[in-house]
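Subject: Structure handover

Hello,

Here is the structure I promised to pass on. Please take a look, then read my notes below.

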Amino acid sequence: MEFLKHLPETLSAVPPSTYCQTFFLLATTVVLSLHILPNEARNTLTSYGARRSDTAPPQSNTLSLLRKVTSIGQVPHSFFWHFYLLSTCLSAVWAWQYLAQGAGMGFIAEKQVLFKEPSVELGRVFLAWMMMALQGGRRLYECFWVVKPGRTPMWVVHWALGLSFYAIMSVSVWVEGSGAILESWETPKAAVLLSSRVPSTLAVFFAAWIKQNACHRHLASLKKYTLPSEGMFKYIVCPHYTCECAIYLAISYMAAPPGKTFNMSVLCGLAFVVANLGSTAYGTKQWYADKFGADKVAKKWSMIPGIF
């Protein structure tokens with residue numbers, strides 16, 4: 001009871017950016033902690049789509065219980081489009097909030113500036129927001145007009161976690177620029193969109209953005225359960241995940257406050273992306289090895305060339 005009494009005071013002593021970072025790091029920890037489980041249990045909790053295989057008899061009572069738990073609240077794998085619809089809509093909402101000097105953005109920004117941390121320049125806040133909007137918009141487009149809709153189920157926990165990620169990320173891309181946002185409301189002035197890091201960062205972003213689309217188009221062109229082999233797939237098992245990581249790294253670099261290389265809120269989000277997609281890439285490589293032969297993927301990196 002004493003803890004609950006002081007909870008509002010404790011929560012107010014933390015900037016909104018820290019809430020974003022904490023969510024991402026906790027989610028990352030959960031994903032990584034699953035790797036201490038036996039393979040069958042981990043696959044039951046994390047696998048979905050073509051890699052999901054729960055037709056074999058369970059090897060223990062614990063595994064049987066996990067299968068029963070994960071069978072509750074199954075949603076179609078095709079519900080991935082919900083993630084990108086939410087991301088795109090929230091990008092539009094925060095843009096409207098900025099233009100209308102909305103109460104939602106104002107409340108979060110005012111809480112952030114209380115801690116007197118360096119603010120990202122307004123121009124780079126706009127560019128980071130634009131990059132996030134372009135990513136969400138392109139992925140939403142691909143879900144309907146490029147990617148083949150999945151018919152296999154996924155656990156509702158995966159769906160809820162994905163929605164939470166995009167909701168928090170929609171705030172993370174601008175929250176560390178709260179000072180510049182509030183200042184622009186008080187004294188309107190043109191945002192500086194061109195600075196030293198902008199051209200190179202946009203080059204990396206659009207290269208990864210275009211390559212990821214090419215990867216998705218190649219996957220969509222394949223016959224069911226065929227080994228991808230064109231372009232980046234010659235060297236990486238999941239190059240579309242590699243591109244996803246590069247995209248968030250570029251956003252983090254673009255939205256970095258003065259004196260910092262990266263935006264920590266977005267970088268913590270990237271940590272979750274790496275952990276989550278890395279786990280999926282690892283499982284995908286194993287699935288390919290079992291289905292097409294280990295020699296077909298032995299020389300390929302799972303996701304990050306030279307590292308993983």
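How many salt bridges does a search of the whole structure find? The search finds 4. A salt bridge here is a side-chain nitrogen of Lys or Arg within 4 Å of a carboxyl oxygen of Asp or Glu.

Some ground rules. This is a predicted model, in which local features need pLDDT of at least 70 and side-chain atom pairs count only at pLDDT 80 or more, while totals for chains, interfaces and linings use all residues. Residues are numbered from 1 along each chain as its sequence is written, and side-chain values use heavy atoms, with hydrogens and water left out.

Salt bridges
- Glu142 pairs with Arg138, with the closest N and O atoms 2.7 Å apart. The two are 4 residues apart in helix H7 (residues 122-145), so about one helical turn separates them. Helices are DSSP runs of H or I, at least four residues, numbered from the N terminus. Both Glu142 and Arg138 are buried, meaning under 20% relative accessible area; exposed is over 50%, and partly exposed is in between (1.4 Å probe, protein chains only).
- Lys189 meets Glu183, with the closest N and O atoms 3.4 Å apart. Lys189 is exposed at 56%; Glu183 is partly exposed at 43%.
- Shared partners join Arg138, Arg139 and Glu142 into one salt-bridge network.
- Arg124 and Glu121 form a salt bridge at 3.8 Å, N to O. Arg124 is buried at 5% relative accessible area, whereas Glu121 is partly exposed at 38%.

Aromatic pairs
The structure holds 21 aromatic pairs. Rings of Phe, Tyr and Trp (its six-membered ring) pair if their centres lie within 6.5 Å; planes under 30 degrees apart count as stacked, over 60 as edge-to-face and the rest as tilted. Tyr84 and Tyr166 are edge-to-face, at 5.6 Å centre to centre and 70 degrees between the planes. Tyr84 lies in helix H5 (residues 81-99) and Tyr166 in helix H8 (residues 156-175), so the pair ties together parts 82 residues apart in sequence. Tyr84 is buried at 5%, and Tyr166 is buried at 7%. Ring pairs also link a cluster, including Phe23, Phe80, Tyr84, Tyr166 and Phe272.

Charge over a ring
Arg197 lies over the face of Tyr253, 4.1 Å from the ring centre. The cut-offs: NZ of Lys or CZ of Arg within 6 Å of the ring centre and within 35 degrees of the ring normal.

Best wishes
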